[in-house]
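I opened a new notebook page for this protein.

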Amino acid sequence: MAEIRVPELAESITEGTIAKWLKQPGESVDKGEFIVELETDKVNVEVISEEAGTVQELMAAEGDTVEVGQVIAIVGAGSGAPAQQPAAPAQAAQEQPAPAASEPVAAQAPAEEATSGDRLIASPAARKLAREKGINLADISPVDPMGRVRVQDVEAHGTAPKAQPAAPAAKQEAKVDDGRVERVKMSRRRQTIAKRLLEVKQNTAMLTTFNEIDMTNVMELRSRKKDEFFDKNDVRLGFMSFFTKAVVAALKKYPKVNSELDGDDLIMKNYFDIGIAVSTDGGLVVPNVVDADRKNFAEIEATIGELAKKARDNKLTLADMSGGSFTITNGGVFGSLLSTPILNGTQVGILGMHTIQKRPIAVGNNVEIRPMMYVALSYDHRVIDGKDSVGFLKMIKELIENPEDLLLGS
């Protein structure tokens with residue numbers, strides 16, 4: 001018999017949410033086989049069984065919050081979900097408190113999971129729904145010939161009758177579910193995103209400075225070189241590699257933008273792990289292009305593509321998400337013209353890219369239609385002054401408008 005516990009995940013992660021059970025009671029499992037998928041603040045983690053056998057019991061339902069070290073399943077030999085043996089008389093007497101003298105014995109409610117001393121077989125989801133509806137599992141007649149209570153059985157049983165005080169007519173009408181609203185529980189990741197974004201807004205002196213970039217030259221270079229680039233590297237040449245290279249160059253010139261505030265100390269980072277924001281169904285995640293300064297254009301594009309795929313497939317690891325020094329977010333892929341990005345965690349700077357839009361621009365003494373992009377740098381004013389923030393963004397603009405300088409510099 002083996003207990004499946006929530007494993008140690010990371011120093012900052014103490015709990016998670018049961019995202020999906022990959023095995024159900026009665027199903028066999030091999031040693032090292034995945035049994036459950038946990039959703040944490042940062043990534044989804046699949047937990048393995050340390051013993052081969054049969055899943056005996058699931059101790060938590062999908063959607064439940066569980067802590068590191070908590071037992072969430074039992075695996076052992078046998079056909080699964082064995083009936084619980086009645087306790088010995090002496091043991092039962094110790095476990096059951098004696099009724100008060102003024103309370104009749106018949107008034108005690110039967111145990112939710114017991115019928116004639118045997119344990120009811122019910123899925124975790126059914127148990128959870130029964131608790132929410134106030135239904136005694138012993139009162140439910142399951143459809144399953146084996147006697148297993150499922151969610152459908154609980155729903156079919158209906159709500160257990162409860163004596164409720166009569167509410168005013170107005171209140172009763174207000175509680176009628178007419179389908180106009182739906183209450184949906186936020187995912188753990190969405191809750192964490194909301195909490196951390198609020199913390200950043202409250203705990204930093206965040207400002208945003210803007211500029212605009214003429215994308216003519218980089219678009220022309222990309223158009224001219226994209227086929228050759230793909231044939232040589234088997235990866236497409238996008239704009240992200242140009243901006244990543246430009247950010248690295250600007251961080252080297254303005255090192256405070258690549259720092260972190262820790263109390264009264266400023267931690268200057270001598271590495272360039274650039275976070276690339278990726279939108280997923282579960283929310284925004286920011287995996288890192290590690291050592292971006294040491295990678296060429298093709299390596300950066302390949303790394304971003306791999307990280308984006310892992311993010312969409314919920315395959316990112318904690319290592320992919322940890323240690324970033326600066327972040328780039330591209331709202332332009334969704335059509336955003338202008339925004340003020342919020343800092344990522346303890347970082348002091350984030351670059352926001354936006355959609356490319358043709359606009360009339362003064363070129364010398366003439367007005368021309370050029371593909372333009374607004375860019376934004378949000379920064380922590382406690383660390384970075386206006387001179388460095390404006391200079392940083394201006395350098396990004398100059399490098400993108402003269403992409404040959406990036407190519408020569410890489």
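Predicted model: local features only at pLDDT ≥ 70, side-chain atom pairs only at ≥ 80, totals over all residues.

**Entry: helix H5.** I started with H5, residues 188-203. Helices (H or I, at least four residues) and strands (E, at least two) are DSSP runs, numbered from the N terminus. H5 has 16 residues and reaches 22 Å from its first C-alpha to its last, close to the 22 Å expected at 1.5 Å a residue. The expected span is 1.5 Å times one less than the number of residues.

Residues are numbered from 1 along each chain as its sequence is written, and side-chain values use heavy atoms, with hydrogens and water left out.

Next I asked which residues of H5 are buried. Buried means under 20% relative accessible area, exposed over 50%, and partly exposed in between (1.4 Å probe, protein chains only). I found Arg188, Arg189, Thr192, Ile193 and Val200 buried. They sit on the same side of H5 because they cover an arc of only 135 degrees around the axis. The arc is taken from the directions from the helix axis to the C-beta atoms. On the other side of H5, I found Lys195, Lys201 and Gln202 exposed. The buried residues of H5 pack against several strands, including S2 (15-21) and S4 (34-39).

**Entry: the cores.** A nonpolar core is a set of buried Ala, Val, Leu, Ile, Met, Phe, Trp, Tyr and Cys residues joined through side-chain atoms within 4.5 Å. The largest one has 56 residues. Phe243, Phe392 and Ile396 are among those with the most contacts inside it. Helix H7 (residues 239-253) gives the most to this core, with nine residues. A second, separate core has 16 residues, including Trp21 and Val66.

I then followed Ile396. Contact means heavy atoms within 4.5 Å. Leaving aside neighbours within four places in sequence, Ile396 is in contact with Ile213, Phe243, Ala246, Val247, Ala250 and Leu351. In helix H10, Phe392, Ile396 and Ile400 are among the buried residues.

**Entry: strand S1.** S1 (residues 2-5) has Ala2 and Ile4 on its covered face, and Glu3 and Arg5 on its uncovered one. In a regular strand, side chains alternate between the two faces of the sheet.

**Entry: whole chain.** I counted 11 helices and 21 strands in the protein chain. Buried residues make up 39% of its 410 residues.
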